[in-house]
Amino acid sequence: MALTRFERFLGRLLRAVVWMLFAAFKLFAPQQRHRVSRLPAISNPLLLLSAMQLARKIRRKEVSEFKYKINLHFVLILKTHSHFFRFSAALQEAAQVDKLIEEETGGEEVLEDRLPLLGVPITVKEAFALQGMPNSTGLLTRRDLVSGVDAPSVALLKRAGAIPLGVTNCSELCMWLESHNHLYGITNNPYDFERIAGGSSGGEGSILGAGASVIGVGSDIGGSIRIPCFFNGIFGHKPSTGIVSNDGQYPPASGLQMGFLCTGPMCRYAEDLIPMLGIMGGPNANKLGLSAEVDLKKLRFFSVPHNGGSHLVSPVDAQLLQAQKMVVRRLEADLGVKVQELFIPQLKYSFQIWGTMMASPGKDGKPPTTFAELMSEGGKKVWPAWELFKWFLGFSSHTLAAIGLALVELFQSSHPSPFILQQKESLQQELEELLGTDGVLLYPSHPQIAPKHHHPVFTPFNFSYTGIFNILGLPVTQCPLGLSEEGLPLGVQIVTGKLQDRLSLATALYLEKAFGGWREPGKSAAKP
Ligand SMILES: CCCCCCCC/C=C\CCCCCCCC(N)=O
C-alpha cells in the first residue's frame, strides 16, 4: 500500500508552506554583515592538541598551571556563545590540578586511570545543565534560569577531571538544523561566517571546529550532533540508544522520543571519541566492549550513496558523492575488502518515518509534548498562527523555524500511516540483518555542504539523512573527509549495528589517518 491521497496532499501542502515561509523570510530577515571574513591561524600550539595529548602533558606537568587559554577572539567572532563562560571558576579548578598530581602516589598510570581528563577544558551545549550556567535552550522565558546541578553526562566528565569552560549556543528548543534563537543570536561557521554552524549543537560544532575548545557534549534526536560535526569538520558520535544518560537536558524527550534522543561526544580528533564515550556512558559503556581490538579487514563494508530520491529532500551534492567514493576506493585498496554499493528503497521515506515515530505516544500511551507547548514554557500559551503574524511584524520572541514547526504540527494526523509504519519495520529489519555484528555502512551526513545562513528554511527535510538512524536506534560516527572546492568540510556517516559502536569508531580512526581529519579553518580559506 503506497501513501494515501490525503498523505500526498499533506506532503505538497507542507512544501508549499515552507516555500511561502522562505519567500517571506527572504523579504523580512535582517542581513548579517561581517567585519572579518575568516579566522586567523591558531597561534597557541596547545590549542592544536587532542584531549588525550593534552591530558598526558598535564599529568606529566609539561603544561603547568592553566596555560591552555581559550581563544576568546574566535568565540566572539563565531558567536558560539561567549557571555556564558565561567573563566574565573575554571581557573580556580585548574589551580587544583597540580595539587592533585602531587597527591597521587601511584604514578602516572594510576592517575590516568582515575582522572583520565584531568585539567582538560570542555564546553557543553547550553541545553544541558552545567552548575552555575544558564540552561535556556534559546527560550527567552528561560533566560534567568541558572542550573543548580550538572546533567549526569557532564558530571561524569567533571568526575574524570575535565574543567568546563562554559555553555554554547543551540537552536531554539534544540529542534532545528541552524543554531539560532532570540536570546543569543545566530552562530557562524568557522570556515565561512556566511554559513551555518548546524544544529542543534551548533555552538559546540563551531567552537570545536574553530579550535577554541578541546572536546564537547552534544545531543541528537534527528542529527543534532552529526549535522554540526559535519558542517564544522569535526568528529562526533551518536551512541547506541540507552548508553549515555539523557537526563539534565531541556527539553526532555517525551512519548517514543525518549528512545530516539542520544547524548554523545563531539571533538576534533578521533582518538578522543572512545575515551569520552567510555566516561559519558558510565557503567553502561561496558556493554560496548570499547577496549576490544577491531580488525577492519574482517568487517563487511557497505556504501549507500543516497536515499533513493525523496521529492522532499535535496539530491546529494556531487562533491559529497565523490568523497564517499574515495572512501570506498581507499578501504578496498588499503584493507583488501570489497565495499558493496547498495540502494535501500525504504530510505526514501526517512522524513515520514521520523515524523511519524516522533509524534507517536510512548509505551504508557501518553502522546509527546507538543512543540507549541514547549514554546509556551514559562510564558503565555503560544498560538502558532498568531505567533507567525507577530513574527512578520517583528514582535515574536521565537524564531521562524520554531513557529514553522509548531504550525506543521497542527496538520499532523493522529493516525499514523500504516504504509510508513511498514516501511520503518522493514527498514529496521533489513538494516539489522545487513549489519549484524560486523557490518559497517557509509551514508551521506547531509545532502548539502554547509548552507548559507537561514537557507535550511528552504530545505527543512534534509536532516532526514541523519534523523532516520535515531529512529532505528543505530550508533553512528560522523567523520570529516577534507574540504570541498569552496574550502568547506566534507564528511560521511559511519553506521553499525546496535551496540557495535566500536566498529564505527575504529573506522573513523582509520579514515582520519587516510583523509587528514580536522583541518584548521584559519589555514583553509574559503574560496570566494
Ligand atoms: C520555517 C519552515 C519550517 C518548516 C518545518 C517543516 C518540518 C520539518 C520537520 C522537522 C525539522 C526538524 C529538524 C531537526 C534537526 C535536528 C534535531 C535534533 N535535536 O537532533
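Start by selecting Leu173, which counts as buried because it has 26 C-beta neighbours inside 10 Å. Leu173 sits in the loop between β2 and β3 (180-181), and its phi is near 55°, a positive value in a residue other than glycine. Now click on Cys174, also in the loop between β2 and β3. Its phi is positive too, about 60°, although Cys174 is not a glycine.

A word on what you are viewing: this is a predicted model, in which local features need pLDDT of at least 70 and side-chain atom pairs count only at pLDDT 80 or more, while totals for chains, interfaces and linings use all residues. Residues are numbered from 1 along each chain as its sequence is written.

Next, switch to a cartoon view. The protein chain has 18 helices and 14 strands; these are DSSP runs numbered from the N terminus, with helices (H or I) of at least four residues and strands (E) of at least two. Look for the open sheet of 10 strands, ordered β2-β1-β7-β9-β8-β13-β14-β12-β10-β11 with mixed pairing. Two strands pair if DSSP finds at least two bridges between them. At the edges stand β2 (163-168) and β11 (339-341), each with a single partner strand, so one side of each is left without a neighbour in the sheet.

Where does Phe302 find its bridge partner in β12? Select Leu441 to see that partner. In β11, the bridge partner of Phe302 is Gln340. The pairing of β10 (residues 300-303) with β12 is parallel over 4 bridges, and that of β10 with β11 is parallel over 3 bridges. For an antiparallel pair, go to β8 (residues 235-238) and β13 (residues 476-483), which share 3 bridges; there His237 is partnered with Thr477 of β13.

Now colour helix α18 (residues 501-515). It lies across β8, β12 (439-443), β13 and β14 (489-496), running at about 10° to β13. The angle is taken between N-to-C directions, from 0 to 180 degrees, with axes fitted to C-alpha atoms and, for helices, over the stretch in contact.

Which residues touch the most other members of the largest nonpolar core? Among them are Ala51, Leu117, Val120 and Ala508, in a core of 136 residues. Such a core is a set of buried Ala, Val, Leu, Ile, Met, Phe, Trp, Tyr and Cys residues joined through C-beta atoms within 7 Å. Zoom in on Ala51: leaving aside neighbours within four places in sequence, its contacts include Leu117, Val120 and Cys267, a contact being two C-beta atoms, placed from the backbone, within 7 Å.

Now show the ligand. It is surrounded by 21 residues, the closest being Ile221, Gly222, Ser224, Gly404 and Pro460; a residue belongs here if its C-beta atom, placed from the backbone, lies within 6 Å of the molecule. Helix α15 gives the largest share of this shell, 5 residues.

Two cis peptide bonds end the tour. One runs from Gly199 to Ser200, with omega near 10°, and Ser200 is in the loop between β6 (192-196) and α8 (202-209). Another links Tyr250 to Pro251, with omega near 0°; look for Pro251 in the loop between β8 and β9 (262-267).

Notes: Buried ≥ 20, exposed ≤ 12 C-beta atoms within 10 Å, placed from the backbone.
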